[in-house]
Amino acid sequence: MVLYAYIDRERTKKFYAKEALKEDKKKRYYCPSPTCDAHMYLCSVDGVSSAYFSATRKQHSHRQGCGFEASNNFKPQNFDEASFDFENVLEAMRKLNKSTVKNKKSILHKNGEAHSKPLRTTRQIYEMCKSYPCSHKYNNLSIGKMLLDDRSEYMYPKGVFGNRIIESKVKRGIFYDSTKMELRLVAPSSKKYELILQFADKSLFLDIKNSLYKNRDKLIILSGLWESSATFNSFCTKIVNKSQIVVLNKLK
Ligand SMILES: [Zn+2]
């Protein structure tokens, strides 16, 4: 759920859905992406506490490739924010044996109610990050320090280092090097940075390569431990798990 939008075209006045009143439902709000002219409206499932924004009118939907176009299922009440550890989750994703993460059963309350669990997957974290402004903090870490996208680009003047999720697209032209087992993408929309995915496993490389080829025009969400490559403005990460890559609105 996108939990904020802007009141004005210039995107100077942020507005949170949870602060809305009933009468705000008829108003048009602006998509968080400054380059998108979608008309956003307040929606709510059951009252103000679960209100969110959505481009509900077909003739005023998001521009193609807008980072807020994909359906977003994040509901804050379903996840335990206080036990979310961004660094740990991204590290766990890069372990070949994921059983320790997967088998974590929800802890039951004394009254039998299940505790909500922290965010665990690339998609879950990405959707959470898209729900809030990039200056918003989720368990004390700002969204912009978890996700590099158009909104947070200004926070990365020298590049992207460490554990990060990145909203990217496949690089135009030949984006793969089968000998080196590398794939190339670019991020964010400005294409300022080149991203190199490095593989040790041939079948994983081929699998991801084919999927990206079919989804060249889609947004690709990458989670990795980024470091600078030999080239200026080019950064690389190792891919050991499929779960590090999510294609939005994927074509099979
Ligand atoms: Zn949009």
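Which residues does I165 touch, not counting those up to four places away in sequence?

1. I165 touches T122, I125, Y126, C129, M146, L147, I221, L222 and S223; touching here is a contact, with the two C-beta atoms, placed from the backbone, within 7 Å. Please keep in mind that this is a predicted model, where local features need pLDDT of at least 70, side-chain atom pairs count only at pLDDT 80 or more, and totals for chains, interfaces and linings use all residues. Residues are numbered from 1 along each chain as its sequence is written.

2. I165 also belongs to the largest nonpolar core, which has 62 residues; along with C31, C129 and L195, I165 touches the most other members. At least three residues of this core come from each of domain 1 (4–60) and domain 2 (142–247), with bounds from an automatic or database domain assignment. Such a core is a set of buried Ala, Val, Leu, Ile, Met, Phe, Trp, Tyr and Cys residues joined through C-beta atoms within 7 Å. Buried means 20 or more other C-beta atoms within 10 Å of a residue's own, exposed 12 or fewer, and partly exposed in between.

3. Do look at the peptide bond between A187 and P188: it is cis, with omega about -25°. P188 sits in the loop between β11 (182–187) and β12 (193–199); strands are DSSP runs of E, at least two residues, numbered from the N terminus.

4. N140 is not a glycine, yet its phi is positive, about 70°. The residue lies in the loop between β6 (137–138) and β7 (141–142). N140 counts as exposed because it has 9 C-beta neighbours inside 10 Å.

Notes:
Helix = DSSP H or I, 4+ residues; strand = E, 2+ residues; numbered from the N terminus.
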